[in-house]
Amino acid sequence: MTQLDPTDRRLLALLQQDARMPVVAMATELGLSRATVSARIERLCRDGAIRRFTVELGAPDADDLVRAVMLIELQGPQARGVAARLRRMRQVAELHSTNGAWDLVARIEAASLAEFDRVLGDIREIPGVLNSETCLLLSRAGG
């Protein structure tokens with residue numbers, strides 16, 4: 001991924017606030033042409049700064065999701081390939097590298113237990129994944 005300049009960061013902030021904001025409105029807000037904003041969005045998608053466009057559901061429907069944290073141990077030479085494949089999986093909501101016994105931490109969101117089980121199996125079969133441990137997220141603590 002290329003370095004983000006201040007305009008890229010402002011554009012990403014606008015998209016985070018309202019991903020449906022018209023390109024013309026973003027262009028006006030940023031003081032750029034519509035074509036420049038469109039080109040920047042395409043580049044940010046191509047470079048991986050924008051991984052996907054999604055819908056964030058309200059509380060009732062979001063509560064139905066099966067959520068988990070998966071700790072993943074990798075075989076060194078294949079680490080980049082594994083991370084790239086995980087980022088392409090729509091159920092992997094977040095992916096972080098970490099230190100310690102585990103190499104990656106993935107936050108997984110699935111629509112059902114059957115989908116969740118299938119995703120776990122798919123991840124474990126990726127060449128370069130040596131070991132994993134998964135914890136279901138049951139409810140928010142303290143609230």
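## Terms and basis of the model

Two strands are said to pair if DSSP finds at least two bridges between them. Helices (H or I, at least four residues) and strands (E, at least two) are DSSP runs, numbered from the N terminus. This is a predicted model, in which local features need pLDDT of at least 70 and side-chain atom pairs count only at pLDDT 80 or more, while totals for chains, interfaces and linings use all residues. Residues are numbered from 1 along each chain as its sequence is written, and side-chain values use heavy atoms, with hydrogens and water left out.

## Overall architecture

The protein chain contains 6 helices and 4 strands. Read from the N terminus, its elements follow the order α-α-α-α-β-α-β-β-α-β. The C-alpha trace spans about 50 × 40 × 25 Å along its principal axes.

Of the 143 residues in the protein chain, 30% are buried; buried means under 20% relative accessible area, exposed means over 50%, and partly exposed lies in between (1.4 Å probe, protein chains only). A contact means heavy atoms within 4.5 Å. Among the contacts in the protein chain with a separation of 6 or more, 64% join residues 24 or more positions apart.

The 4 strands form an open sheet in the order 2-3-1-4, with antiparallel pairing. Strand 2 and strand 4 lie at the edges and have a single partner strand each, so one side of each is left without a neighbour in the sheet. From one strand to the next, the twist averages 20°. Helix 5 (residues 79-88) packs on this sheet and touches strand 1, strand 2, strand 3 and strand 4; its direction makes about 155° with that of strand 2. Such angles run from 0 to 180 degrees between N-to-C directions, and axes are lines fitted to C-alpha atoms, for helices over the stretch in contact.

Strand 1 (residues 66-74) is joined to strand 3 (residues 104-110) by 7 bridges, and the two run antiparallel. Strand 1 also pairs with strand 4 (residues 129-137) in the antiparallel sense, over 8 bridges. Residue I72 illustrates both pairings: its bridge partner in strand 3 is L104, and in strand 4 it stands opposite S132. M70 has T134 as its bridge partner in strand 4.

The side chains of strand 1 alternate.

Strand 2 (residues 92-97) pairs with strand 3 in the antiparallel sense over 5 bridges, and V92 stands opposite I108 in strand 3. The hairpin of these strands has 6 residues between them, and in it G100 takes a positive phi near 95°.

S112 is located in the loop between strand 3 and helix 6 (113-124). Its relative accessible area is 31%, so S112 is partly exposed. S112 and L12 are 100 residues apart in sequence and, from C-alpha to C-alpha, 31 Å apart in space.

Two packed helices are described by the angle between their axes and the distance between the axes. Angles under 35 degrees count as roughly parallel, over 145 as roughly antiparallel, 65 to 115 as roughly perpendicular and the rest as oblique. Helix 1 (residues 6-17) and helix 2 (residues 23-30) pack at about 135°, with axes 11 Å apart; they are therefore oblique to each other. In their contact, R10, L11, L14 and L15 of helix 1 meet M26, E29 and L30 of helix 2. This contact has 5 nonpolar, no polar and 2 charged residues. Here Ala, Val, Leu, Ile, Met, Phe, Trp, Tyr, Cys and Pro count as nonpolar, Asp, Glu, Lys and Arg as charged, and the others, Gly among them, as polar.

Helix 1 packs with helix 3 (residues 34-47) at about 85°, with axes 11 Å apart, and these helices are therefore roughly perpendicular. T7, D8, L11, L12 and L15 in helix 1 meet V37, R40, I41, R43 and L44 in helix 3. The residues of this contact divide into 6 nonpolar, 1 polar and 3 charged. Helix 2 and helix 3 pack at about 105°, with axes 8 Å apart, which makes helix 2 roughly perpendicular to helix 3. Their contact is made by V23, V24, M26, A27 and L30 of helix 2 together with R34, V37, S38 and I41 of helix 3. By class, these residues are 7 nonpolar, 1 polar and 1 charged.
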